[in-house]
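Colleague: I would like a close look at one part of this model, the sheet and the core that goes with it. Please take the surroundings into account as well.

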Amino acid sequence: YLSPGNYTVTLNAVGTNGTISKSRAITIYASPIAFPVPNKNICGTEGMSYNLAQHTNTVRGSQSSSVFGVSYFLTIDNATTSTNALPENFVLSLGTTTVYAKIYNSANTNCYSITSFAIDFFEQPIANQLVDYVICENQPYDFKEQFDLQSKNIELLGMQSASDFTI
């Protein structure tokens, strides 16, 4: 069928005992298209909540929200079977998380499409308060003096690992 809707299908069977005719009403449902979501790079703190619903309009595109729903999953298998859907506010772990977005026809959830995107979640750096850098000017007194800002790196990082952050 070229378009969704309600149709009547009729079967005419011709045999040696004559013709039998049977009719049945069928419904053809609209099949959605899952539009891609760009991968995301975000910074935050461990245990931070991430709002997946912010991507729903992207996944849906111009398709009707009254006809098509969107859910999010951590595996393609869960998305395919519609099990273990993620809450809209999902708690991220540091690193990369692949999220599968499933758009489905609300009247017939067997009509669906799936896309995926990655969320790269990085620890938010903290710039600790530094103690003032005080130096004395040497001769000639020209209001110029050299100092090494890298000497403040450990103080700036505090308890954060220097291998995790660049200053």
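Modeller: What follows starts with the sheet, moves to the core, and ends with the parts around them. The model is a predicted one, and every value below is computed from it.

The sheet is open and has 4 strands, in the order β3-β8-β7-β5, with mixed pairing. Its edges are β3 (40-44) and β5, each of which pairs on one side only. On average, neighbouring strands in this sheet are turned by 30° against each other, with direction ignored.

Consider β7 and β8 next. These two strands run antiparallel and are joined by 11 bridges. They form a hairpin, with 2 residues between them. Two of the facing positions can be named: valine 99 stands opposite phenylalanine 117 in β8, and alanine 101 stands opposite threonine 115 in β8. On the β5 side, 6 bridges join β5 to β7, and this pair is antiparallel too. There, phenylalanine 68 has asparagine 105 in β7 as its bridge partner.

Now the core. The largest nonpolar core has 18 residues, and the members that touch the most other members are Leu52, Val59, Tyr72, Leu92, Phe117 and Ile119. The elements that give two or more residues to this core are β5 (68-73), β7 (95-105) and β8 (108-123). In general, nonpolar side chains in soluble globular proteins tend to be buried together.

Leaving aside residues up to four places away in sequence, leucine 52 touches Tyr72, Leu86, Pro87, Glu88, Phe90, Val99, Phe117 and Ile119. Tyr72, Phe117 and Ile119 are also listed, with Leu52, among the core members that touch the most others.

Glutamate 88 lies in the loop between α2 (76-81) and β6 (89-91). Is glutamate 88 buried or exposed? Its relative accessibility is 53%, and the cut-off for exposed is over 50%, so glutamate 88 counts as exposed. With residues up to four places away in sequence not counted, glutamate 88 touches Tyr50, Asn51, Leu52 and Ala53.

Cysteine 43, within β3 (40-44), is partly exposed because its relative accessible area is 42%, which falls between the cut-offs of 20% and 50%. Cysteine 111, within β8 (108-123), is buried because its relative accessible area is 15%, under the cut-off of 20%. The count of disulfides comes to 0.

Strand β1 (residues 5-15) and β2 run antiparallel, joined by 11 bridges. A hairpin connects β1 to β2 through 2 residues. Alanine 13 stands opposite isoleucine 20 in β2. Strand β2 (residues 18-28) is hardly covered: of its 11 residues, the count of buried ones is 0.

Key
Residues numbered from 1 in each chain as written. Predicted model: local features only at pLDDT ≥ 70, side-chain atom pairs only at ≥ 80, totals over all residues. Heavy atoms only, no water. Buried < 20%, exposed > 50% of the residue type's maximum accessible area, 1.4 Å probe, protein only. Contact = heavy atoms within 4.5 Å. Core = buried A, V, L, I, M, F, W, Y, C linked by side-chain atoms within 4.5 Å. Pairing = 2+ DSSP bridges. Axes fitted to C-alpha atoms, helices over the stretch in contact; angles between N-to-C directions. Disulfide = S-S within 2.5 Å.
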